[in-house]
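Keep the viewer open as you read.

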Amino acid sequence: MTEPVLSIKDLVVEFPFRDDVFRAVNGVSFDIMPGEVVGVVGESGAGKSMTGSAVIGLIERPGHIAGGEIRLKGERIDNLPEEAKAKLRGKRIGMVFQDPLTSLNPLYTVGEQLVETIRTHLPLNEAQARQKAIDLLTEAGIPKAAERIDSYPHQFSGGMRQRVVIALAIAAEPELIIADEPTSALDVSVQAQIIKVLKKLCSSHGAAVMLITHDMGVIAQTADRMVVMHHGKVVETGTVGDIIRRPREAYTIKLIQSIPTILRQEHAATPAEAANDDGAYVQVKNLVRDFEIGKGSFTKLLPGKTEIFRAVNDVSFSISKGETFGLVGESGSGKSTCAKMIVGLLRPTSGQIIVDGHDIWAGGKGHQERRKRVQMIFQDPYASLNPRWRVADIIAEPMRTLGIARNRSEVDDRVAELLRRVRLDPSVMRKFPHEFSGGQRQRIAIARALSSQPEFIVCDEPTSALDVSVQAQVLDLMSELQSEFGLTYLLISHNLAVVRQMSNAVGVLHNGVLVEKGPTDAIFDNPQADYTRMLLDAVPDISKVA
Amino acid sequence: MLAFIARRLVQSVIVMLVVAFIAFLVFRYVGDPLAALLSQDAKQADYDAARERLGLDQPFYVQFYYFVINALQGQFGISYRLQQPVSQLILERLPATIELAFASATIALVFGVLLGIYTALRPRAFSTGVIMTGSLVGVSLPTFLIGIGLIYVFAVELKWLPSFGRGEVVQIGWWRTGLLTQSGLRSLVLPAITLSLFQLTLIMRLVRAEMLEVLRTDYIRFARARGLSQRAINFGHALRNTMVPVITITGLQLGSVIAFAIITETVFQWPGVGSLFVNSVAAVDVPVMAAYLVFVALVFVVINLIVDILYFIVDPRLRDGARTGK
């Protein structure tokens, strides 16, 4: 039997606090064989990233390895002195981080960073290192690598940057690559390419991969075996097919069930009736938004042609009362620009948005109606709640500004009622946002959106910052509130599975153009546009497990 | 890039015109200049003649036009107190101030950056605590007290260094430098240290804060994960990323060191523009004050322009800043 590349036994990582010790990783054991891709899956706080950091020796202080051992090719590495650990990094263990936008130093060219890394580990001169860097970039799928090597990170797109990061991680031919959420920050179509590149490069260089992710779909497509972690412990280990088809532990079963899938679901919303656009509750007609680029305030005065970027190009759709319209598309497709125009944060260049018969950009009555009837739920519940305000004030703000409720006891009653509606205890209204988890914060954000008694809510990626099981709860809550209050939703998401589960009708945006729209089932089961088909194919899904 | 500099230059011209206008107003309305120019028993006819001769009967925009035209030629009139052309007075004293400012800026920059890096890399060390506490003392003690303290210790008690003046100077063209003689250099030490102390602590705290921030970023973690040496990470990757705010603050501080070294110059009787200004204020020497105002604005405008150009050199993201959004 061959020796495992990485062998972790009873690993314990502890964070000592003043009066308590927090065990982030609690007795984790698993092996990774040469050339194998092992997926480590779990929700945030499960200790999966911490395990990766422990292996590469980059645990943030005051955390430390409190027990167990880590062996690389049989040689124990967890108790090495810091300098010896530093020698392993990059040379024998490579690492890929989640966010390609922040993991490259913005002030150095891609080439400088590659050459620096290569020369740290391999005995090459400047010219040889540069040639190797170009080869690596080509291998990672960057076109015209020889020209682009002198570009700065900001001149690459997210997907291209992640290729650079992968090239950097494999530069010194390490035996093990730790990929920590390598695709979570990327669009679906790019995600699929990056997974391919990672897999191809690791197999051609013979590196084993520890793939850390919360996305079962990615694991299903990439990994050979998987380790399910929960609260710092390994719940279940086995081949990917076994675990997905026959999960044994209750936690794994729950995790798999909470993953929305793009396949048809029994409880999917009723198909939209033949839409009579004129009677629809929300009508978006020929919406266009242009941005001027490359002009400052001063150069604007100079004659010359202005370059115009059309972010949203002639988009029209309508939503009937009490239904959900899903708007899907990749980053840069104009989804969020649409959302901003519909809630009234950004003036359209041309086109009309009519909510319940009022043009919201017409001024006067339409404007006032909009503020009351149209609300928004944002993506990041950590950023969208004012950290210095108490929950009660956050939820009561729309009531106060819109004059819905004035005296204190009335406001308090309404806030308590809203908190109950979003399944939170009314007593939490005295607390501050940081005392809540991500899912709870999103509930507070929903309560805030509901507090002006709106009829139409625009949800911009409402669950993409949340764990799968929490995501399922929030989506359920949204459906329940919809039937309770007869709400109309515009659901904007890059997650096709979420859209499939929630919406009655779907529109697909690509480069600002609505390439396809129609009832959800029709679009997902029988897509007409090439782009939609490509998007659907790119989705990593646990049902695609080999 | 060129468009950017052009835009900046236009902004600078506007700033200078506004400042010139304020200086002009000061010149024109802080008391009647004729009262200072003419003797007390001058007749009304003398006043009228002088008013016409000096162009003071013209409408104010015509006067302002001539003020700007003269200022562009470096003419700010004649000092009431010293009876010399103002521009000549300032030029004579400028080398002293500039040498002092650059010496103290160099001290502040070198020690500030080094100590900032040191304290950021060893956030929990005892020495860091000592330096940080010491820097608080440095910030909170007023400059004149530090100056007097230094004079007492090094000039009065130890007799190592002179306590006032510039020492011997050498004339190179119109520039009178103290950097080439031993006594000139010795005279520079105490005022330069006094002037630099505040900037030093400021730069140190700024570098430390920025550095701590940068060390937490993903690209520093990734640089560690790539196995780069500590040195390459700390001095290559981290330090350069801390430079943009440091450049901004240092630039502005250099401006204020040149413009407002008044206290230090007074304590050490340093013959620079700061002490000229203080003496002029005491004597209500309006032409000097107006010229000084324009001069200070010019210093800041020029330094800001240099700082903006430095941004381009340090941060490549600004070079093709034509992109909108992020």
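A residue counts as buried if 20 or more other C-beta atoms lie within 10 Å of its own, exposed if 12 or fewer, and partly exposed in between, with C-beta atoms placed from the backbone. This is a predicted model, where local features need pLDDT of at least 70 and side-chain atom pairs count only at pLDDT 80 or more, while totals for chains, interfaces and linings use all residues. Residues are numbered from 1 along each chain as its sequence is written, and chains are lettered from A and ligands numbered from 1 in the order in which they are written.

Start with helix H12 (residues 273-282) of chain B, where Val273(B), Gly274(B), Ser275(B), Leu276(B), Phe277(B) and Ser280(B) are buried. (Helices are DSSP runs of H or I, at least four residues, numbered from the N terminus.) Their cover includes helices H5 (86-121), H11 (262-267) and H13 (286-314) of chain B. Just after H12(B), Val284(B) has a positive phi of about 45°.

Now zoom out. Chain B splits into domain 1 (2-72) and domain 2 (93-319), with bounds from an automatic or database domain assignment. Their centres, taken over C-alpha atoms, are 34 Å apart. The contact between them uses 14 residues of domain 1 and 12 residues of domain 2 of chain B, contact meaning C-beta atoms, placed from the backbone, within 7 Å. On the domain 1 side, H1(B) gives the most, with 11 residues.

Finally, look across to chain A: 26 residues from chain B meet 29 residues from chain A. On the chain B side, H9(B) gives the most, with 7 residues.

Conventions
Two residues are in contact if their C-beta atoms, placed from the backbone, lie within 7 Å. Helices (H or I, at least four residues) and strands (E, at least two) are DSSP runs, numbered from the N terminus.
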